[in-house]
Amino acid sequence: MNHNPVYLALDLPRLDAAEALARKVAGHIGGIKLGLEFFCAHGHHGVLEMHKVGLPIFLDLKLHDIPNTVASAMQAIHVLEPAIVTVHAAGGRAMMEDAKAAAGERCKVVAVTVLTSLDESDLAATGVGGNPHDQALRLADLAHSAGLDGIVCSGHEVAGVRKQWKDGFFVVPGLRPSNGKASGDQKRTVTPREARDAGASVLVVGRPISRAEDPLAAAIAIEATL
Ligand SMILES: O=c1ccn([C@@H]2O[C@H](COP(=O)(O)O)[C@@H](O)[C@H]2O)c(=O)[nH]1
C-alpha cells in the first residue's frame, strides 16, 4: 500500500468527473475511496474503471445484514480486488466473522463503529446510551474479537482504540483541514494532522478536496501538513 495515508472519497455522481479528479490529484493521495453513492450509480464497471488510475481501491459499502447475505456480498465484490472493505460493527460478531472469512487474504475488512456524523444525542435517539467514545471502544472490541483488521472511527476515538488494539488498522473520516469550519453533516471532526498524530492508518478526505475551488492545491496543502 502507498505510504501516503490520504484516501480521497469520490462521492461524485458522474464517473468521468470522478476519474478526472482522481487522476488530477493521484500524485498527492494514497488511495481512492468509493462509497455507496458511487457503487449504486456505477457498480462493478465503475470500480474497474477507477482501478485504471493505479491506486489502491477502498470500497466503503458499509455492509450490514444477516451473516449469510454479507458473506455473499463480500464474495461478489472479490473480483474487484479492493484493498479495504467496510462493514457495520453493529451487524454483530457472526456477521463480521463471516465477512472476514469471505474477503480473502489480500483485503482488509474494517468495521464502522459510530458514524462521524453522529453525536451523543443522535446515539440516544437510536436507543444507545453513553457517548460516542465509549460506544466506539465497545464496538472496536467486538470487531477485534471477530478477527477484523480494524475499524472506522473519528479522530477523537482513535488514540483510545489504539491503546487497546495496538496493531489495528484504523480508518478515520470526518476530517476538516481547518477544524470546526464548514464541517457540513460531520459532527466529530479533527484535522488530518490531528488524526494522523492520534494513530490513524488511513485518512479519508472527501469534500475538502473534491469541492475545493482548486482540488489539486487542496490535496497538496493537506499532504504538506502530514
Ligand atoms: O463514520 C463515517 C464513515 C464513513 N464516512 C465516509 O467518509 C467520507 C467523508 O467525506 P467528507 O466529504 O470528507 O465529509 C464520505 O464518503 C463518508 O461516506 C464518514 O464520513 N464517516
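Reader: So where does α2 bend, and by how much?

Author: The bend is at His42, and it comes to about 110 degrees. Keep in mind that this is a predicted model.

Reader: What span does α2 cover end to end, against that of a straight helix?

Author: α2 runs over residues 36–51, and its end C-alpha atoms are only 17 Å apart. A straight helix of 16 residues would span 22 Å, at 1.5 Å a residue.

Reader: Ok, and which of its residues are buried?

Author: In α2 those are Phe38, Val47 and Met50.

Reader: Next helix, then. Which residues of α3 are buried?

Author: For α3, residues 67–77, the buried ones are Val70, Ala71 and Met74. Looking down the axis of α3, you'd find them within an arc of 100 degrees, so they line one face of the helix.

Reader: And what's on the face turned away from that buried side?

Author: That face of α3 carries exposed residues: Asn68, Ser72, Gln75 and Ala76.

Reader: Which elements do the buried residues of α3 pack against?

Author: They pack against β3, β4 (84–88) and α4 (93–103).

Reader: Switching to backbone angles: what's the phi of Lys62?

Author: Lys62 has a positive phi, about 45 degrees, although it isn't a glycine. Lys62 sits in strand β3. Lys62 counts as partly exposed, with 16 other C-beta atoms within 10 Å.

Reader: How about the phi of Glu81?

Author: Glu81 isn't a glycine either, yet its phi is positive at about 50 degrees. Glu81 is in the loop between α3 and β4, and it is partly exposed, with 15 other C-beta atoms within 10 Å.

Reader: Last topic, the ligand. How many residues surround it, and which are closest?

Author: There are 16 residues around the ligand, and the closest are Ala9, Thr116, Pro173, Gly206 and Arg207. The elements giving two or more residues to that shell are β8 (202–205) and α9 (207–210).

Reader: How does the shell divide into nonpolar, polar and charged?

Author: Eight of the shell residues are nonpolar, five are polar and three are charged.

Terms used
Residues numbered from 1 in each chain as written. Predicted model: local features only at pLDDT ≥ 70, side-chain atom pairs only at ≥ 80, totals over all residues. Near = placed C-beta within 6 Å. Helix = DSSP H or I, 4+ residues; strand = E, 2+ residues; numbered from the N terminus. Nonpolar A, V, L, I, M, F, W, Y, C, P; charged D, E, K, R; others polar. Expected span 1.5 Å × (residues − 1). Bend = angle between axes of the 7 residues up to and from the residue. Buried ≥ 20, exposed ≤ 12 C-beta atoms within 10 Å, placed from the backbone. Arc of directions from axis to C-beta. Contact = placed C-beta atoms within 7 Å.
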